[in-house]
Amino acid sequence: MKKLIIALFCLGLVACSSKQIEAENVESKHKIGEIIEFGQYEQDGNVENGKENIEWIVINDEDGKLTLFSKNVLELQTILPMNNDSSFFDNTWKNGSERYWLNNDFLDSSFSEKEKKKMEKRDLDNQEYSFKKKNGTLVQIPEDASTSDYVYTLSVKEFEEFVGKNDFRSIVLTDSVRSQLSYINNPVLVYSLRSRNSETNYPIIVTEDGSLNTCVPGTPGLVIGIRPVITIKSN
C-alpha cells in the first residue's frame with residue numbers, strides 16, 4: 001500500500017510531512033522530530049465523520065523500537081483517587097486515573113488489534129509516594145511504583161532527554177480539546193508528566209511556554225491535558 005504523504009503547513013511558512021504507518025509496515029529508520037500517523041482518536045469535534053488519525057512525533061529510534069510522543073493534547077483529564085476509601089488519597093502514576101484511562105479506554109478505542117501487536121509494553125521506573133490520613137494528618141508512604149504500560153506519559157528525565165528545547169514541547173490542541181476549553185472561564189492549559197513532586201506527589205506539568213512546574217490543584221482555570229507516549233516496533 002502506498003504511503004499517504006500529507007503536507008502540513010504552519011502559518012504558510014513551514015512544511016513537514018506526516019506518514020501513515022501501516023501496522024505491518026513500519027520503516028526501520030525515522031528522523032527525530034518526524035511526524036507519523038498511527039491509530040485513530042476523535043479530534044475534530046465531529047463524531048459523525050469518524051475518528052481522525054493520531055499524529056505522533058518520533059522522539060527516539062533505538063534497538064528496532066520507535067518512541068512516539070503525541071503531537072497534540074488529545075484529551076483533558078481530572079486527577080481522581082482510584083481508591084474508594086475516603087481516608088486514602090492516591091495520586092500516584094501507578095494507581096491513578098490517568099494511567100488507567102490510557103491503558104484501557106484510550107488503548108482499546110484508538111488502536112486496532114493489528115496495531116496493538118506492533119506496540120511494545122514498556123517497563124517504567126517511577127518514584128512515588130502515597131498519602132494516608134492518620135489522626136487527621138497526611139502521612140507519606142513510600143511506593144513500589146514500577147509499572148509496565150503500553151501507553152504512558154513522559155517522565156521528567158525522558159522529557160529532558162528526548163524533548164529538551166525542541167519546538168514540539170509546546171502545547172498544540174485538537175479542535176475537540178479547543179471546543180472543550182471554550183466552556184471554561186480563562187483556562188490555563190498544561191499537560192502532565194508521570195513524574196511526581198517529591199513533597200506533594202502531584203504531577204510535574206509542562207506549561208504553555210514549555211517550562212516544567214508542579215501541578216497545584218485549585219489553581220484558577222487550571223486544565224490538565226494528556227499527551228500520550230507509545231513504543232512500537234520499527235521492523
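1. Strand β4 (residues 52–62) and strand β5 pair in the antiparallel sense over six bridges. Two strands count as paired if DSSP finds at least two bridges between them. Strands (E, at least two residues) and helices (H or I, at least four) are DSSP runs, numbered from the N terminus. In β5, the bridge partner of I57 is F69. The two strands form a hairpin with two residues between them, and D63 in the turn has a positive phi of about 55 degrees.

2. A word on the basis of these values. This is a predicted model, in which local features need pLDDT of at least 70 and side-chain atom pairs count only at pLDDT 80 or more, while totals for chains, interfaces and linings use all residues. Residues are numbered from 1 along each chain as its sequence is written, and side-chain values use heavy atoms, with hydrogens and water left out.

3. Overall figures come next. The protein has four helices and 17 strands. Of its 235 residues, 47% count as buried; buried means under 20% relative accessible area, exposed means over 50%, and partly exposed lies in between (1.4 Å probe, protein chains only). Among contacts between residues at least 6 apart in sequence, 63% join residues at least 24 apart. Contact here means heavy atoms within 4.5 Å.

4. Strand β5 also has a partner in β17. Five bridges join β5 to strand β17 (residues 229–233), and the two run antiparallel. Across this pairing, L66 stands opposite I232, and K65 stands opposite K233. Five of the six residues of β5 (residues 65–70) are buried, so β5 is largely enclosed by the rest of the structure. For β17, four of the five residues are buried, so β17 too is largely enclosed by the rest of the structure.

5. Strand β17 pairs with β12 (residues 151–152) as well, in the antiparallel sense and over two bridges. Here Y152 stands opposite V229. I230 is in contact with residues that include W56, L66, T67, L68, V151 and Y152, leaving aside its neighbours within four places in sequence.

6. The largest nonpolar core has 42 residues, and W56, L68, F106, F111, M119, L154 and I230 touch the most other members. The strand that gives the most to this core is β4, with five residues. A nonpolar core is a set of buried Ala, Val, Leu, Ile, Met, Phe, Trp, Tyr and Cys residues joined through side-chain atoms within 4.5 Å. In soluble globular proteins, nonpolar side chains tend to be buried together.

7. Aromatic rings deserve a separate point. Rings of Phe, Tyr and Trp (its six-membered ring) pair if their centres lie within 6.5 Å; planes under 30 degrees apart count as stacked, over 60 as edge-to-face and the rest as tilted. By this rule there are seven aromatic pairs. The rings of F69 and Y191 have centres 6.3 Å apart and planes at 55 degrees, so the pair is tilted. F69 belongs to strand β5 and Y191 to strand β13, 122 residues apart. F69 is buried, with a relative accessible area of 1%, and Y191 is also buried, at 1%. W101 and F106 form another tilted pair, with 5.5 Å from centre to centre and 35 degrees between the planes. Ring pairs link F38, Y41, W56, W101, F106 and F111 into a cluster.

8. The bridge partner of Y191 in β14 is V206.

9. The last point concerns S176, which is placed in helix α4 (residues 175–181). Is S176 buried or exposed? S176 counts as buried, at 16% relative accessibility. Neighbours within four places in sequence aside, S176 is in contact with E42, Q43, D44 and G45. G45 is found in the loop between β3 (35–41) and β4, and counts as exposed at 52% relative accessibility. G45 and T174 are 129 residues apart in sequence and 8.4 Å apart in space, C-alpha to C-alpha.
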